[in-house]
Amino acid sequence: MCPIFKRGDRSDPDNYRPVSLTSVPCKVLESVIRDELSSYLEKKGFYNNCQHGFVKGRSTLTNLPETLESWTNLLEEGFGIDVVYLDYRKAFDTVPHKRLLEKIRGLGLGNVISTWIGDFLNGRKMKVCVRGSYSEWIGVISGVPQGSVLGPLLFLIFVQDLPDWVKNSIKMFADDTKIWTKIASQDDADSLQHDLDRLVQWSAKWLLEFNPLKCKVMKIGHNKAIYLQDIR
């Protein structure tokens with residue numbers, strides 16, 4: 001495991017991204033599984049229009065323009081907009097294996113591929129390398145390996161049903177999620193609050209926690225008081 005600095009205090013371990021350094025044979029086999037699994041999911045129509053991360057033909061260049069167009073249309077109609085940016089606590093590293101495998105089995109892939117993915121995730125060990133020095137080996141009990149070939153696709157499978165839990169507009173780029181609605185009355189604010197409550201329920205069910213300190217609310221084009229409770 002190689003820690004990659006993200007931002008903030010360099011002495012704080014939480015400010016580093018743990019990237020897995022796997023072997024070449026492992027990456028080759030992962031690539032085969034990923035390509036076949038991606039093709040299967042595309043034919044099945046698995047991907048929804050909300051997800052723009054790690055999906056063929058989509059990226060930040062599709063996510064941002066679509067969002068901007070939606071916001072511009074609402075502003076031109078005279079509405080204000082409330083946007084909630086959601087952040088997960090160590091999203092890739094805390095995905096529970098049993099719940100992920102439950103979703104994978106529900107895709108109808110068959111026992112062989114489901115078992116292979118289970119073996120790929122379970123029983124992993126890691127040690128951290130910093131400036132040529134290594135830590136002791138430790139067991140990995142959750143998460144999809146960052147830096148692996150298959151990891152991003154497994155994460156998309158895990159969060160794919162999240163948009164089904166909300167009524168208002170939502171866009172995702174892997175784990176980066178934002179939801180929004182026009183604000184014309186208290187009912188609109190209540191609707192957005194209801195979506196937040198539902199997402200907290202999703203979080204509790206699938207054990208992927210939000211980080212309240214990094215979740216933000218942005219108001220666009222109006223000065224109305226926001227009636228959203230704490231995401232906790």
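1. Two strands pair if DSSP finds at least two bridges between them. In this predicted model, strand β3 (residues 80–86) and strand β9 (residues 176–183) are joined by 7 bridges and run antiparallel. Within β9, Trp-180 is the residue that stands opposite Val-83.

2. Which strands make up the sheet, and in what order? The sheet is open and has 4 strands, ordered β8-β9-β3-β10, with antiparallel pairing. At the edges are β8 (169–173) and β10 (216–220), each of which pairs on one side only. On average, neighbouring strands of the sheet are turned by 20° against each other, if direction is ignored.

3. Helix α2 (residues 60–76) lies across β3, β8, β9 and β10, and runs at about 10° to β9. Helix α7 (residues 186–206) also packs on the sheet, where it touches β3 and β9. The direction of α7 makes about 160° with that of β9.

4. Next, the pair α1 and α5. Helix α1 (residues 24–44) packs against helix α5 (residues 111–121) at an angle of about 140°, and the axes are 13 Å apart. Angles over 145 degrees would count as roughly antiparallel; α1 and α5 are therefore oblique to each other. Their crossing is left-handed. From α1, the residues in contact are Cys-26, Leu-29, Glu-30, Ile-33 and Leu-37; they meet Ile-113, Trp-116, Ile-117 and Phe-120 of α5. Sorted by class, this contact of α1 with α5 has 8 nonpolar residues, no polar ones and 1 charged.

5. Helix α5 also meets helix α4 (residues 97–105). The axes of α4 and α5 come within 10 Å and cross at roughly 160°, which makes α4 roughly antiparallel to α5. The crossing of α4 and α5 is right-handed. His-97, Leu-100, Leu-101, Ile-104 and Arg-105 are the α4 residues here, and they meet Ser-114, Ile-117, Gly-118 and Leu-121 in α5. By class, the contact of α4 with α5 divides into 5 nonpolar, 3 polar and 1 charged.

6. Last, the aromatic rings. How many aromatic pairs are counted? The count comes to 9. Among them is the pair of Tyr-88 and Phe-210, which is stacked, with 4.9 Å centre to centre and 20° between the planes. Tyr-88 lies in the loop between β3 and α3 (91–94), and Phe-210 in the loop between α7 and β10, so this pair ties together parts that are 122 residues apart in sequence.

Methods
Residues numbered from 1 in each chain as written. Predicted model: local features only at pLDDT ≥ 70, side-chain atom pairs only at ≥ 80, totals over all residues. Heavy atoms only, no water. Axes fitted to C-alpha atoms, helices over the stretch in contact; angles between N-to-C directions. Helix = DSSP H or I, 4+ residues; strand = E, 2+ residues; numbered from the N terminus. Parallel < 35°, antiparallel > 145°, perpendicular 65-115°, else oblique. Left-handed = near helix turned anticlockwise from the far one by under 90°. Contact = heavy atoms within 4.5 Å. Nonpolar A, V, L, I, M, F, W, Y, C, P; charged D, E, K, R; others polar. Phe/Tyr/Trp six-rings, centres within 6.5 Å; stacked < 30°, edge-to-face > 60°.
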